Amino acid sequence: MSSVTEMTNNDVHYDATNFYIGLGLAISSSGFIGASFIIKKKALIQLQKYGGLRASSGGFGYLKEWIWWAGLLSMGIGEAANFVAYAFAPASLVTPLGALSVLVSAVLASRYLNEKLNLLGKMGCLLCILGSTIIVLHSPKEEEVSSLSELIIKIREPGYMLYVLIVIMSTLSIVFHFGPAYGKQNILVYICLCSSVGSLTVMSCKGLGLALKETISGGENAFANWLTWVFIFSVILCIMIQMNYLNKSLDLFDTSIVTPIYYVFFTTLVIIASAILFEEWTKMSAENILGSSCGFLVIIIAIFLLNAFKEMDVNYSNIRHMLRPKREVLSNYNSRWDDHEGTRARVESQHLLNHTYNSDITRTKRIQPAAYQNLVQRPRDNTSLSRDHGLDSGLGSRFVGGSCHTCRMAFNLAAFSYIVALISDAFLIFFAIFHVITFDELKTGYKNPIDQCNNLNPLVLPEYILHAISSILFLFGEQYFSLFLNVPLIAYHVWRYMNRPLMTESGLYDPTSIMNAYDLSMYHREGWIKLAFYLLSFFYYLYGTGMPTIGVKRDSLFKALGKTYSDDEFQTLCFKFGLELDEVTTEKQMIAKEQGSDQGVDASEEIIYKIDIPANRYDLLCLESLSTGLLIFLNKISIPRYKAIKPKTGMEKIVMSPECLKVRGHIVAAILRDVTLTQESYNSFIDLQDKLHQNIGRKRSLVSIGTHDLDTVKGPFLYDARPPSEIRFKPLNQDKEYTGEEIMELYATHAQLKQYLPIIKDSPIYPVVYDSNGVVLSLPPIINGDHSKITLDTKNIFIECTATDLTKARIVVDTIVCAFSQYCKTKCTAEIVEVVYPDKQTFYYPELKYRTEEISHNKAISYIGIKQTPDQVAELLSKMSLKSKVKGKDTLMVEIPPTRHDVIHPCDIYEDVAIAYGYNEIEKTIPHMSTIAAEFPLNKLTDQIRVELAQAGFTEALTFSLCSREDVADKLRHKLEDVPAVHISNPKTLEFQVARTTLLPGLLKTISANKKMPLPHKLFEVSDVVLRDDTAEVGARNNRRLCAVYANKSAGFEIIHGLVDRVLLLLEIPWSANKDEDGYYLRAADDPTFFPQRCAEIVCHGKVIGKMGVLHPDVLSKFELNIPCSAMEIDIELFL
């Protein structure tokens, strides 16, 4: 018997030995390629850490990194194995096995890059693989080609030549237009380029494999054939293009997102190229057509899951929560015994979804009329706010029965129903659009009614079923309001289908009656109404992901308030105070719904109120501060007066070393003396720190809190930064000492702490806080030392906050101190700690500063629309913890306490007046007069100048508002310290480091990028520059300017001069021959940006409004220009 058997499938024969060789090569190829993504990503991260120009910005610094070359070698081995596999096995086998690289990449990225790939993302990866595999299984099968001569005949077919031409044209368009314009924002741009080029690579590999196989088998020397060398050149060129743009994509986006999307597009285009080359599309059966369509549908859903929900914290433990009917906080309490304390403690592990609220420069006011009680509040501090829990580094075990619990929508059946509804609604929108277009075509009379009905009828039942499935999920998820919105449409669908015309097939539309004018108009109108409903539903389902809340024990809250309320009464009180009672539940219900009824047997049945808190009200994040705020609002207590006191002797001190400035450059501290903690206050203390870590601390990246038992350590304290190998201590709740490196390994798989490790993991030195005996207090922002942990017996609490943002650190310390100083023996006081910086500057914290804001009484009441006297307004503000006094007839002096860091502008005070007065009490009025909007004068002047310069033959350019430091300084031959630039504190790239102070660099870079355009270049721009201004409220101001550049073989100074004359003539500014203040004139000036003695200041009415002249050759060379240029730039705001 022959050792070689034959495999038969659809009459195509493959040698079994070759089959298994190809299979093994394809599997090993996926492993090497998947690993190469991770290795190259590590190199790109390392390059970014060193400050090199990123690949996404056109840099090639990664070529100097040996790690990147290792990744390239891995990819080369993988691609080589893949390329050889095509010679031994059919592409329909090799291509889908590339899906294994997705799994390899996702697993390695999660392990070595700390990239977040949640449950939905993993589902997306699997669905990508499933969808691509379905397409491969049902795609046209390429027939076996045994020689190069046969392949040459196939390649010369017009269809494949057209495909190659399309790929080349699309590649060029992405390289020169779409890539620079959209590549950094849209992940699909570079992926499409790599995938399309990759499809040509596979076809070339197939040909090159055949050539090698023919040559090795002893047949004709294939390398004597010109086509073999075309294949070699094509493979090399295509791989180089893929390598370059895949690096850019990896640098911009997460590996776990790039890899599956790249695989999907690559696989699909390979199938298309293979089918075109071997002309098998026409032989597809109906089964294969349906299979391919289903595959594409699976891929669309997979990509949606990967991109739409990648920021949500969904994990495997959430699966058992799917049967929960309501949006609520889920706390998984796992019991364990604490041998050290001898008491049983329950450690809290939260499984929550991220809800991020981003604030732009413009603040959104918390307007809460009755119709808008469910609006999500947005923070005012221009930060992203995420509320979820992690293990706090500053304290010991987390205990059951804490006063407050952070809340947001968990991944339950309600969340699942909204996700399904969102996906279904996308298809329903498509159906509605198709419905409208079809009936619009019928109304115009250009389409056959029979064909149109045949197109519409198959979509009727899928539409009805998709809509019904979403509604059923809302029913089981107890989302009754969402269900109520959909019930009328369900009823209409049932009625329509029950009263459909008599037809042999399923559907609604009969060709014999559809052209009836009344019916046609009704169907067309129905399509538009459904489209509007589905569009509104789409945005509603997005909103349906929930609001951030906190959970407070009802009895503890009522005890603090000194009164018992019914649920309705407390809900009314919350709304009056600007809050909202979201839900009433119990701890037992929460655990039972999360883990099952058996797990919640021993849990407390105490009622918990879940209250929506405005995201910027840090002073309301715990029971203590919430109850204090409500008591002040109810006039039951006076506004507390917080004091930072200096001890009579022995003030504690923290000394900072120069090294700590390199990692976390600030530290603030405070001491709470003679504290009495109960179990509830202890839990509340822990919980508040968690909330502050996650929101204002940006998951500890900006601020990290450490709290310690002061009696267990000895000052003065040292805040230092050392190599991880030199740091050794026993972390919180551990039984032995670890080095800094070992701590990173210890917590690499920790459910909560692993997310904080990347903050310092790649740093050569780690921040650390020591006491005078060398005892480690904390390793911020990861974990505290076990030696100084707080217990219920702690009397003196030492609070230290390390930070990269000093302002936020001050807010955090003030918030903690103000909330828990009520447990001190001397209430509302905190002891000051001295902080000494490396330059010997000394600061004292906490500050607990009070400031006074002056507002107009008339403005306040007119903005809100109420009638109140100044004394009444002052009383309203006092209810909101803002002590106020009347000064004069119209002025109020408002004292802002250290608890109210959210008040940063008079409009915030006006808002509190409205809350205290009651939104429902504000009388609804119609404006007394109608007005017509007018264009802002500065914008009107700008538009007029634009028109005139365009008529003068100049082309307008719009350049970036951000640029590099070199653009505004070195390249213009200025010193950076002399330029009033606003610097970006954490620039993503070297290209965007400062806000531009002049429009000139942007225009010069535009000319440099368009050097191939015919001369002359005549460009202008009318836009804002940003100038540092210490007198402005935000420390900077915008200034509208006009800049124009003329570039030609000669400088063209006279053209720029004429342009200045033309602009000022249009502005009716006369030329001043006497050089007085009655007009404008030119005055010689020296500016290093311009050629000596070829620069002039433009003086208008006695003020210098700008400069003009011939640019210096050094300036031109730094912008890579080799032709002379003249330029002018003037301030146009002075003409208003």
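At roughly what angle do the axes of helix α24 (residues 870–879) and helix α25 (residues 906–917) cross, and within how many Å do they come?

A: Bear in mind that this is a predicted model. In it, the axes of α24 and α25 come within 8 Å and cross at roughly 90°. Angles of 65 to 115 degrees count as roughly perpendicular, so that's what these two helices are to each other. On the α24 side, the residues in contact are Val873, Leu876, Leu877 and Lys879. They meet Ile909, Asp912, Val913, Ala916 and Tyr917 of α25. Sort that contact by class and you get seven nonpolar residues, two charged ones and no polar ones.

Strand β23 (residues 851–856) runs antiparallel to β25, and six bridges join the two. If you want a pair to click on, Glu854 has Met893 of β25 as its bridge partner. Strand β24 (residues 883–887) also pairs with β25 in the antiparallel sense, over five bridges. Here Val886 is partnered with Leu892 of β25. β24 and β25 form a hairpin with three residues between the strands, and Gly888 takes a positive phi near 75° there.

The two faces of β25 are worth a look too. Leu892, Val894 and Ile896 sit on the covered face, while Thr891, Met893 and Glu895 are on the uncovered one. In a regular strand, side chains alternate between the two faces of the sheet. Going back to the bridges, Leu892, the partner of Val886, belongs to the covered set, and Met893, the partner of Glu854, to the uncovered set.

The contact takes in Leu461, Tyr464 and Phe474 of α13, among others, and includes Leu483, Leu489 and Ile490 of α14. By class, this one has ten nonpolar, five polar and two charged residues.

One last stop is Ser195, in helix α8 (residues 187–216). Its relative accessibility is 0%, so Ser195 counts as buried. Leaving aside residues up to four places away in sequence, Ser195 touches Tyr262, Phe265, Phe266 and Leu269.

How values were computed
Residues are numbered from 1 along each chain as its sequence is written. This is a predicted model: local features need pLDDT of at least 70, side-chain atom pairs count only at pLDDT 80 or more; totals for chains, interfaces and linings use all residues. Side-chain values use heavy atoms; hydrogens and water are left out. Axes are lines fitted to C-alpha atoms, for helices over the stretch in contact, and angles run from 0 to 180 degrees between N-to-C directions. Helices (H or I, at least four residues) and strands (E, at least two) are DSSP runs, numbered from the N terminus. Angles under 35 degrees count as roughly parallel, over 145 as roughly antiparallel, 65 to 115 as roughly perpendicular and the rest as oblique. Contact means heavy atoms within 4.5 Å. Ala, Val, Leu, Ile, Met, Phe, Trp, Tyr, Cys and Pro count as nonpolar, Asp, Glu, Lys and Arg as charged, and the others, Gly among them, as polar. Buried means under 20% relative accessible area, exposed over 50%, partly exposed in between (1.4 Å probe, protein chains only). Two strands pair if DSSP finds at least two bridges between them.
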